[in-house]
Every structure is written in structure tokens, then in C-alpha cells.
Amino acid sequence: MGDSKEGGAESPPAGAAAREGLSLLSQGESEEPSAQGSALFLGGNEVKSRAVVKYSSAPPRTAFARLEEKTDLKLPPANWLRESAKLGPAGTTILGNSKKSKPFSSFGMAYDFIDSVGNDVDVVSDSENIKKLLKIPYSKSHVSMAVHRIGRTLLLDELDIQELFMRSSQTGDWTWLKEFYQRLIDQKWQRKKKSKEHWYQKAILSKFLYYSINGDGAAQPVPSAEQQESPSSDQTNDSDGASWPAPFEMPSSVSEDPSASSQGSEPLEPSYIVGHVASAPKEQNLTTLFNDGENSQGLKNDFVRNILWTFEDIHMLVGSNMPIFGGGRYPAVSLRLRDNNKPINVLTGIDYWLDNLICNVPELVMCFHVNGIVQKYEMIKTEEIPNLENSNFSTKVIKDIAQNILSFLKSNCTKEGHTYWLFKASGSDIVKLYDLTTLCEETEDKYQNPFTMPVAILLYKVACNMMMKKNQNKKHYGTIRTLLLNCVKLLDKSRHPQIIASANYMLSELFQLDEPKKEESSESPLNENSDESYSEEEEEMPDSDENGSYSTSSDPSDDNKAVAIIKSVGELSVPEKYKSIHQIRPSCTFPVCHDTEERCRLVLSYVLEGLKSVDSSIKKESDLPAADPNTPIPLKYEDESTRGSPEGLEKQMALFLDKMGSLQKGNYSSQSGMIPGSWQHKMKLQLILKSSKAYYVLSDAAMSLQKYGRALRYIKLALQSHDTYCCLCTNMLSEVLLFLSQYLTLCGDIQLMLAQNANNRAAHLEEFNYQTKEDQEILHSLHRESSCQGFAWATDLSTDLESQLSVSCKCYEAANEILQFSDLKSQNPEHYVQVLKRMGNIRNEIGVFYMNQAAALQSERVVSKSVSSAEQQLWKKSFSCFEKGIHNFESIDDATNAALLLCNTGRLMRICAQAHCGAGDEFKREFSPEEGLYYNKAVDYYLRALRSLGTRDIHPAVWDSVNWELSTTYFTMATLQQDYAPLSRKAQEQIEKEVSEAMMKSLKHCDVDSVSARQPLCQYRAATIHHRLASMYHSCLRNQVGDEHLRKQHRVLADLHYSKAVKLFQLLRDAPCELLRVQLERVAFAEFQMTSQNSNVGKLKTLSGALDIMVRTKHAFQLIRKELVEEFDQPKSDESTPAADSSPSLNREEVVKLLSIFESRLSFLLLQSIKLLSSTKKKTSSNTEDDAVLKTNKQIYSQLLRATANKNAALLERIDVLVHLLDQLARGGSGGVQ
């Protein structure tokens, strides 16, 4: 014996007498871990064999009773065919009295060990079929087996042609196969009856086994009635039948009908089908053609043992009923009865050897008899069986036969779901393989094949099992898809709607709708080849193997209907004859969806097929309930007038919320009459939900492509699907409510984007109205259950901007309301935050919309008129939206967006202030209290925005924007108070104080140092503020009398602000006029100071300062000259293109005006300077420096008078003259005067 193996087997564990039997194991569980497999070493040819018992219904093994010599086995023992504690529940089966293998025995095992099918196991079959296959080269008897492929697993079942055709004569089924068989194989077919000898041998074997467990050896007569009793009538079902592994609850399998006759003369009940689909009573006309006279258990696993047998590299799930005895000196032996007059032959030896290998039994006990009289016993070790006299065979050859047969079948049984027939006629050396499914499809009814239903169910179950293994990676998706497609292909839609609907639903589930976008290009295992995969479209293997071909067209034994032919059974004994083909595993690829739309469309195609199956099983359309004459049919045009209006939306929102509330209570309203809880109801719910998800993903994809009309169409279908789901649902899951919230959020996004892209409205409308046939059919199925109008308010494509914004807002509000219904808000914080952000954003959009409308009304209004009520209403609406939006953002601690909305509210307050400034006559106008109130409110909102942000680091761009707006507000307020001083209400000093404060605050929030796009604006604003303040203090100084201290203070402030204004204006390239004006005001300020001076020296000093200011204006004139030159050159270079200068164009009128003032002031200053210098010269001794200045000033004055006298001089010429004169003045005019 070999190494210790994993899992349990029926070989004796070392020492432990208590462990001599097998207990009943749960499916898929192995027995004692210490039990051993077996590896036999025979004559140097090693054959590896390992057996693990996966399931056993046998009681603990009992020692066999050695019968006394001369015991007559023709006499029945007292316990014959009776239950016994030693036998357990399946006693008669253990003793070998059960019928031969059923036509679907492998399916029963496959259902129980679904994990192994299609993946780990090569073959599933009855041990009798395995033995028959391995004996093909040694035996002349016929072989007839049905072969089915599920993944990489082959299911083998005996196909009893004799029984089949006998039943065919009675039922009319399989007549096509009978005709085919008679035409090609055996023209003179007739039923072969079994001989009396066969039944005699069967009877004495049964009695011998009962004697062996009885122990007392007493032969007691048994009533004749009991002898007629069916051996399997005492059997109990060892499992409840496989449950239906679907993505939702399905009815459990129906137990066997007790009325099924044990005599085989009456037909079976439909429960012959495993799993019992809901539409089962007429699922398939599986007649009694396989009933062999004993009570059939349908597609159930009725083997005493299911063993996972590994023979060399072949993994087989084998069913066995061989009786095994144990205890005492022989912990595990098989018991055989042999006629002493008939020597053991090779076939019997292979039989015994394989049985012991499969069941892992180390020894064989043979009882010899003559005419039923026991003679002797003989003990033989399993490894010695191949070397028995008259029964010598090579285990190596058996291994080669096994590998070759498996290779042959795997290479040719390529189409999943097809029934293949492996046939060898009695006495023939030729083995043929036919595809019965293809032959059957050539007949009138392709569903005549009784294997169709079990195969389809098995395909379905294997796919279900793979689907439910969440830890499996996606490399199995190709396999699952192929399994399900083949399952659907096999079934008649009208007969099996439930399986077809469920299979289509699972097909749709294979496509993950929420995968990340990069999944197509990532290292996805979807398209990798794997051993578990294969393709239903796989080509049959070419017959060009160098080791030999399966068939040749010239051979007379060739049959053109056969898929493949083994021309001689001798080929099977040649080592590795078909090895190269055995290694081939065709691949099955999962379809590559290059984009989201393609994936969703595939999902919807499966959903549609599923919906059709469900609908076809409920009622025909004509059976739908008639319309209620008392319920008016809602017409489209009635809704149009009110739907878009805010009032209409409010009404529909209220209805929607009522509906949501009723969903929590589980109201159910289906129009088609589906019964809640039925498979149709559950399946339709799943399919509808899947369709809504697919449409949602399609809508999201269209949204990202900016196809907003298409996106709205898809989200409408998603919401219609969801509305139907709500009508059918009896218990709304929180997950489904979350989906609805997401759908409404996306719908709000789409409506907002449509509002912002009104210029493409026609294209969007065209996309919105387009519909595919598939979408129409899905919608038709939805309309069977619901009107689908629950979300019509959210999905209409309106042409009105206000309506679109309102609908968008209502969508977000509805999404938010749904999150409030259950604990969804706390369970999905990210989605909740997103909804509130969107609510804040749409309220900002609506607020801005109303604010802009109010501003437009204001601009159209006649200046003198007061504020209209329409404007006030718009302000209120806008303010309300901003307030709500601010609350939304603050509730999720979104300081930046809250600051932006506060900033917009400040802007609204400024618009309100501007609206109040228009009242009254322009000449008599004063800064009104209402203006002050609104500007102060605006300031409050801007300050709140800054407090919300905290520091500039949080969001520099927003911070700078708010600061600028706040500075602008202060500046506007100060400017208006300065320009339209409210002297009727306030004293001049108070106004000046308020203006000064406001200007300084504006200056504080005006950042002139930070380098940014706004820096020139800030510099201009600051320069303007300093200019205005300087002008104000200059004005105060002119008008004030008395208080010398205050006058001095004003003089200092005016001088300070003028110098600051000049410095800032000099930094700007596009404000030469402003710079010139400030400098002229400074000169005027100097002139004013000079009037109050008495001494010539003081005056001369002031004049020198003023002329110095005049010299510094040269920079401003150079800028003006440059702009004028550019203006003159522009038409010459490109007349068709206007000047595209970033700076504003020069105001020529203002330049001329300022130039005239400048010329007059320069002339005045020069004249005054000449006068003062002349008078000073007469009084004092000569000063060479003063003489030079006087001389220069006279020359410049002379030139200036001549230049100003020329009235026809061009502007550019005048500027050139002034620049020249200023140069002269700078060089010598005022150089010596400080």
C-alpha cells in the first residue's frame, strides 16, 4: 500500500476497530483523514490509484459470516430481502440487489457534487460504466453510452438501446433514433430477452450475500409474496434532492411521488426531473422508457457510495454499490461468489480489480460453489488479481486504455449541452461516436431528446455554483457565460420560462456595470485561457494527429453521421495513442466590451430575454385587466402647462413623497396580476432592477460625453424601471432606495447641464426622442405592471430655463428626501455629501438666475422710477435660494462653497442698493439711507464669507475674489457718498469722516503686492483711492477757515495721498491720463499753498516744486504719445482688424482737455517764476545760478507761447513740443532751486 492520502477512503485505518465502518458524510466532505489511498506496484508497472469517499450511506461494516461447506444457496435465508440493523436504511442496495445504473445516474451525482463538475473532475459516472469502457478491447459485448460535456467534465450514462426501443414502440418517442439505428447499424433489430441462467445467478448471489450477513446459516422458507417484493422498495431517499441554486429563493425539489409503480408498467410522475422548476408539471415529457421494473428515484444520487477516484492523471467521480464487509482479521474485503466449474476469465478479473481499486478495498474473498452448494473460500489480495491464472492482464494496458478513451471523448465531445452516443456493436471492433442532439434537430421536434432537460439543469446548476463563489476571480466568467448560453439554447422558451429567465438574469449579472473605466485596458484575466474554460463555438479537432486518425473517408466502416470513429479497439491499448489531443483544452473567452455602452447593451439584451420569459408565463396581453372607466387617462398636454411651473413641481413632489412613504409600508400594485412571492414576481423584480442599473450607467456615460439629450432619455428609462420596481415591491430594500437617490441625483445633473447648454437644444431634443427597439420592448414589459409616470416630473425636456433649473433642484431635493427615509444618510455619507453639494450648487444657480433677471429689469427701468414689485419678488427668490444653498454647504462643512454663496448674496445686496439709487433728480441726488443699508448688508455678507474661509491658505482664489468684492463695495459706497453727499441729513465733516473710513477699508482689502492677474486692477483701485482722498483733503483745505492744526493735518494728508497715487499710477502703463490729472492737481495744490505765502523765497521754493512736478509728468506724456502713435499706425498695417490692444483705448477729448490745462499751468508757473526771479535779482546781488534758471525759463516760456499760439497744431506735435520743453526744464530750469 502507498502513502497516506488526504481525505477518507474505505481502506482499514491502522489498528482502530472502532472505525471499521463509514458514517454518513455531508456532501463534499471527506471521511477520516488518516485513512489511506492505494498505490499498487505490479510486476514493475506502477499504476497510481487513489480513492476518497465523498459520501456514503452504508452502515458500519460488519464481518461476513463464512458459510459452512455444503450450504445450499438455492434456499432463501430467513432474512432475505428484509430490513436489518446491520444493513442500515439502504440495506438491499448494499447487497447488490438494486437495479442496474439508471440513465441519469451521473446527473444525480453531479447535482450533489456540483463544485467538482466542470472544473476538477474529468469523468462522472457509475463504476459499472467505467469498467465497461476499460474492458472494451477485451470484450465482444456491445457498448452503448450517453456522453455529455459540462466544462472539462464528461458525464457518462448507460444508454440501453434495447429498453429504449421497446419503450419507443409504446410511446412513439425516439422513433428517429430507432430508424437511424436500424438503417445504419442493425437492420434486423429485435429485443433480446435475458436467459433464465441470468436470473438464476442473480438470485443465488442475493441469497449468498444475505447468508453472509445473517451469521446463523439457517435456511428458512420465505413466503412467495415476499420473494416477489421489489428489493429497492425499502430504500429511503438519502438526500432531499438538490435545491435550486438561483440568485433568489426557488421552490425546493419535490419528493418522489409515492404512486410511481414498482412494476414498471406505469409511467413516472413529472418529479423525475431534478430540482422541480416551478413550471415543472409539463416541463418535459420524460416517459418511462428508462424504468426497468423497479421504483426509479428520478435524477437523484442513489449510490451507496460516491468516490473521488484518481486513476493515474484521470480524476473521476464514481458511484458504487459494491457490498464491502469488514471487521476482525479482514477490516475491508469484497465478497464474490464463483461457480467452481467455470474458471475466472480476464473480464471478470478486470471487474474485480477495478471494483477494489475504486472502493479502495485491499482484499477479495471468493466463495466457490457447485450448483448452489458452497465448496470453499479463497482470499486474494487486490494487487494479485491481475496475475490470477486464466485472468492475467497488464495494469499498464488498462491505464493506457483509460487515458486513450478519455482523450478520444474529450477531443470529440466538444459541444456543451449536446448528447453524444458512444456505441460499439456486439462482436464489432469499431467504436463510433454520434452527436444525438444534431441528429435530433434534423427531426420535427428537437426537444424529443429526454437528456435535454437534465443537461440544461446541470449546466444551469454548475453556472449558479460558480456564480455564488464570490472569491473566484473573473477568469471563470467566460465559462459561466458559455454554460448559461448553452443552457438557454437547449430549452424551449414556452416550456421552461423560469430557467430561461433566471439564466438570462445571471448572464446579465456577469457584466459588472460599476467597474472602473480603466478595466478594459487593465490586466484583466477575462480573456486568459484556462483549463476550466472552453468555447461552445470551438471547432472540432482536425484528424491529422501523427499517432493515428479517428476515421478515414475511404474506410467501409465509415459512417458519415458519426462525429468520430475508432476503427479498431486494439488502438486503445497503444500507449499515448491520443495523448496530444488529450492535452488540448479549448479556451473560452469572455466578450471584451470596449466601452460602457456596449457592456450595458449586452446586459439589457439579456434582461429583455428574461422579461419576455417572465411575461410569457403570466398572462397574454389580452388577459390584462381592463381600464377602470372611472379613472381618467392622463393626457400629455394637460401636464405641460403646470408641470414646468414651480407650483406644479411642488404638487408632484408632494405626490412623490407620499408614494415613497407608502413604499416603506410595502404597498403592492401590479397590473398584470402577478402573485407576490411567485417566481415570476421575484424574477421580474430582479430583472427590472438590473435594467434600471444598466440605464443609469448608460446615462452616466452619455453625460460624460456631453450627450445630454441621450443622458436624459436613459435616466428616464432608469426611473421608469425603478417606478415599476416600486409598484411591484412588497418590501423596499435600503439598497434600492439608495439607487433611486443616485438616479435622481444624476437626473438633476443632466437637467442642470441642459439648462447651461441651451444653444444645442435641437440636437438634445432629437437625442431625447430617439428610442431603440430593445428599449421599446423593455418599456412595454414595464407598462404591463405600471404606468411608469411616477418620475415624469423629473424627466421632461423643457425649453424654459427657469423650469429646467427648478426640475434639477427638485431632483436633488427628492434624492435628499429619500436619504432621510431610512438610515441611508449615515450609511452612505459620501453620497449624502454629494447630494447636499449639488443642492447648494443648484440653489446658487437659481439664485444667480433670479439675480440676473432683477438686474436686467433694473437696467430697463427709467431712472426716475422707483423699484418695481417684480424686482422685489426676484430679490426675495434669489435671496431665499442663496440662504438655502449656504445652509446646505455649511451643514457639510464646505467652507469654500459657502463663501462663494455668501459672496453672491453680497452681490445681490449691491444690486438692491443700486436699484435704490435711481430715484430722484440726478442734480439733486443724494446717497440714500436704503443704499447705505444694502451696501452695509453686502459688507456683512462679504465679511461672513471671509470668516467662513478663515485664512487665505484654504482657497487663495476664492479668498482673493471675496477680498476684491469687499474692497469694491467699500469703494463704491465711499465714492457715492463723496459724489452724492447726503448733506441734507449729515454734516460735511461726518460725511468726510465716513468716506475716509470706507476708503481706508477698501484699501485694506485691496492687495497691491501679490502678483496675480488682478494686481493691475488692485493697483489702479488703490491709486484711485489715494487720488480721491487727496482730492477730498485738498477740497477741505480750500474750504476750511480757522483751526490751523486741522488745516495742517489736511495739508499733510493731501500731500501724502497725492504722492502715493502718483507712485501707483506710475506702475501702470494704461493710466497716463489719470497720472497727468493727479500731477495737475498736485500743481494746483502747490499754487493754492503759494497764495498763502508772503515771502518771495517761500513762493519761489513752492514754484520750483510745482515745476519739478511738471517735469515728472514727462512719463505720462510719453505713454500718451506711444498710444497715439500705435493708433495712427494701426489702420495702415491692417485696416480690417481693429486695434486688439489689451489696454483701453485713449480718450482723445480728455487728453486734449488735460493738455490745454497743462499748457496754461506751465505757462503760468514759468511766468510767475520769471517775475519772482527778476524781482529777486534787482534786490540782491547777482546769483549766477539764478540767472541761468531765469534765462532757461524765459526761453522755455517763449517757446511755449509760440507753440500754443499755433491753433492748428496736431495733438502729437503739441505733445512732442511739451516733452522737448520738459527735457529742457529738467536739464537747467529748476535744477538749482530746492
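This is a predicted model: local features need pLDDT of at least 70, side-chain atom pairs count only at pLDDT 80 or more; totals for chains, interfaces and linings use all residues.
Helices, as the word is used here, are DSSP runs of H or I with at least four residues, numbered from the N terminus. Most residues other than glycine have a negative phi. Cys788 has a relative accessibility of 4%, so it counts as buried.

Lys70 also turns up with a positive phi, near 75°, and again the residue is not a glycine. This one is found in the loop between strand S2 (45-56) and helix H1 (91-94). With a relative accessible area of 55%, Lys70 is exposed, whereas Cys788 is buried.

Next come the cysteines. Searching the whole structure turns up zero disulfides. For Cys1018, the closest cysteine sulfur is that of Cys1006, 4.2 Å away; a disulfide calls for sulfur atoms within 2.5 Å, so the pair is too far apart for a bond. Cys1018 counts as buried because its relative accessibility is 6%. Cys1073 is likewise buried, with a relative accessibility of 6%.

Then there is a sheet to look at. Four strands make up an open sheet with mixed pairing, in the order S8-S9-S10-S11. Its edges are strand S8 (324-325) and strand S11 (373-381), each of which pairs on one side only. S8 and S9 run antiparallel to each other and are joined over two bridges; Phe325 has Val333 of S9 as its bridge partner. Helix H8 lies across S8, S9 and strand S10 (363-370), and runs at about 165° to S9.

Between strand S9 (333-339) and helix H8 (346-359) is a loop that holds Ile344. Ile344 counts as buried because its relative accessibility is 14%, and the cut-off is under 20%. Leaving aside residues up to four places away in sequence, Ile344 touches Arg338, Gly349, Tyr352, Met366, Leu388, Glu389, Asn390 and Ser391.

On to the nonpolar interior. In soluble globular proteins, nonpolar side chains tend to be buried together. The largest nonpolar core here has 179 residues, and the members touching the most others are Ile150, Leu177, Trp421, Leu458, Ile715 and Leu744. Helix H20 (residues 734-756) supplies the largest share of this core, 13 residues. A second, separate core has 70 residues, among them Tyr1058, Ala1086, Leu1124 and Leu1221. Back in the largest core, Ile715 is one of the residues with the most contacts to other members. Apart from residues up to four places away in sequence, Ile715 touches Tyr696, Ser699, Tyr743, Leu746, Cys747 and Ile750.

Finally, helix H31 passes a simple check on length. H31 (residues 988-1004) has 17 residues, so at 1.5 Å a residue it should span 24 Å; the C-alpha atoms at its ends are 24 Å apart, which agrees. Its buried residues are Ile991, Glu992, Val995, Ser996, Ala998, Met999, Ser1002 and Leu1003. An α-helix has 3.6 residues a turn, so residues three or four places apart point the same way. The buried residues of H31 pack against helix H30 (956-979) and helix H32 (1015-1039).

Notes: Residues are numbered from 1 along each chain as its sequence is written. Side-chain values use heavy atoms; hydrogens and water are left out. The expected span of a helix is 1.5 Å times one less than its number of residues. Buried means under 20% relative accessible area, exposed over 50%, partly exposed in between (1.4 Å probe, protein chains only). Contact means heavy atoms within 4.5 Å. A nonpolar core is a set of buried Ala, Val, Leu, Ile, Met, Phe, Trp, Tyr and Cys residues joined through side-chain atoms within 4.5 Å. Two strands pair if DSSP finds at least two bridges between them. Axes are lines fitted to C-alpha atoms, for helices over the stretch in contact, and angles run from 0 to 180 degrees between N-to-C directions.
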